[in-house]
Amino acid sequence: MKEFLLKLLLAAYTEQRNASKDVVETDKDIVTECDLAIGAMIKAEIAKCEFPIKLVTEEYSNAITNCKNPEYTIYVDELDGTDNAFRGINMLPSVTLLQVAHTASEDVKFGDFIMVGAVEHSSRTVYVAEKGKGIEKYTIDDVGDYMMLTPCGLRPRHPKQSVVITDVYSMMKEIDVLAAIASRYQTKDFGASAATYLWVAEGIFEAYASSHKKGHELPLLYLLCKEVGVKMTDFAGREYDDVGYDFNSTRYQVIAGIDSVHADLVNVLKKFAKEM
């Protein structure tokens, strides 16, 4: 499954690059073209792959299966960071991500996810996390007319920063939560949640917090955090293992970060905690 995910992520990078070139020569919308190109490629590859899969994507409203009795569900966000993509692919972060749950049931929990993968298009980097086996990171390199994945290590963790990534603009509706975070930490918003998940897991930034996160990319954060020992909970400090997963729900409250900062953020935000 890991090799299949890596193949899809590399192909997704190629599709967004080709779609971006096409847009330059036409009046088409870059986000729509990238979304559709990546979605069509993934759909075609899963239709012919050996794994029994149910596919759930943002672009296709109904789940797609490649067999009668699928064993896995792959949740796809073809292009996270669409506002960044509008401003220019390869200038700001945008991410294609694949999240694999070892179940085809509608009753999916975060603990069912066994593998996640993401390609951050601007930096040409790919991350894959497999449950119990850690995180692998690759760079995308041009080799003649081809592209290949070159393994590279995660960056050294920097434990004494004071920056918390959050959804600054969308959290204006819950300004009290944002103010509580900003009263203790510098806050930044890079416009692509999946990219910030990669950076928090790698230790580039020490924490992420959001009051109403959409389910789309959350298994990526969940499994990355599990594999590097970063804590991820809701505002009350409850872990996510047995929490139900809903691709389109925006009910999730999230704190993910190194122990000391995570504990401090729970202490600050627990008064805003809601049942999930």
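Student: What should I know about the model before I start?
Tutor: This is a predicted model, in which local features need pLDDT of at least 70, side-chain atom pairs count only at pLDDT 80 or more, and totals for chains, interfaces and linings use all residues. Residues are numbered from 1 along each chain as its sequence is written, and side-chain values use heavy atoms, with hydrogens and water left out.

Student: How many helices and strands does the protein have?
Tutor: The protein has 7 helices and 13 strands. Both are DSSP runs numbered from the N terminus, with at least four residues (H or I) for a helix and at least two (E) for a strand.

Student: And what share of the residues is buried?
Tutor: Of the 276 residues, 53% count as buried. Buried means under 20% relative accessible area, exposed means over 50%, and partly exposed lies in between, with a 1.4 Å probe and protein chains only.

Student: In what order do the strands of the open sheet of 5 strands come?
Tutor: The order is β10-β9-β11-β13-β12, and the pairing is mixed. Two strands pair if DSSP finds at least two bridges between them. β10 (186–188) and β12 (231–233) are the edge strands; each has a single partner strand, so one side of each is left without a neighbour in the sheet. From one strand to the next, the twist averages 20 degrees.

Student: In which sense do β9 and β11 pair?
Tutor: Strand β9 (residues 163–166) and strand β11 (residues 207–213) are parallel, with 3 bridges. Ile165 has Tyr208 in β11 as its bridge partner.

Student: Which strands does helix α4 touch?
Tutor: Helix α4 (residues 175–182) packs on the sheet and touches β9, β10 and β11. Contact here means heavy atoms within 4.5 Å. The direction of α4 makes about 160 degrees with that of β9. Axes are lines fitted to C-alpha atoms, for helices over the stretch in contact, and angles run from 0 to 180 degrees between N-to-C directions.

Student: What about helix α5?
Tutor: Helix α5 (residues 193–202) also packs on the sheet, touching β9, β11 and β13 (252–257). Its direction makes about 145 degrees with that of β11.

Student: Which residues of helix α7 are buried?
Tutor: In α7 (residues 259–269), the buried residues are Val261, His262, Asp264, Leu265, Val266, Val268 and Leu269. They pack against β9, α4, β11, β12 and β13.

Student: Moving on, is Ser211 buried or exposed?
Tutor: Ser211 is buried, at 2% relative accessible area. This residue belongs to strand β11, and the side chain of Ser211 makes a polar contact with that of His212 at 3.0 Å.

Student: Which residues touch the most other members of the largest nonpolar core?
Tutor: Among the 42 residues of that core, they are Leu220, Leu221 and Met232. A nonpolar core is a set of buried Ala, Val, Leu, Ile, Met, Phe, Trp, Tyr and Cys residues joined through side-chain atoms within 4.5 Å. The elements giving two or more residues to this core are β4 (95–101), β5, β6, β9, α5, α6 (218–228) and β13. Apart from it lies another core of 30 residues, including Met1, Leu8, Tyr13 and Met147.

Student: How does strand β3 pair with β1 and β4?
Tutor: Strand β1 (residues 53–57) and β3 pair in the parallel sense over 5 bridges, and Thr57 stands opposite Val76 in β3. β3 and β4 run antiparallel and are joined by 6 bridges; Asp80 has Val95 in β4 as its bridge partner. In β3 (residues 72–80), 9 of 9 residues are buried.

Student: Last one: where is Arg124?
Tutor: Arg124 lies in the loop between β5 (113–120) and β6 (125–130). Arg124 has a positive phi of about 55 degrees although it is not a glycine, and at 22% relative accessibility it counts as partly exposed.

Conventions: Polar contact = N/O pair within 3.5 Å; in protein donor to acceptor, adjacent residues only side chain to side chain.
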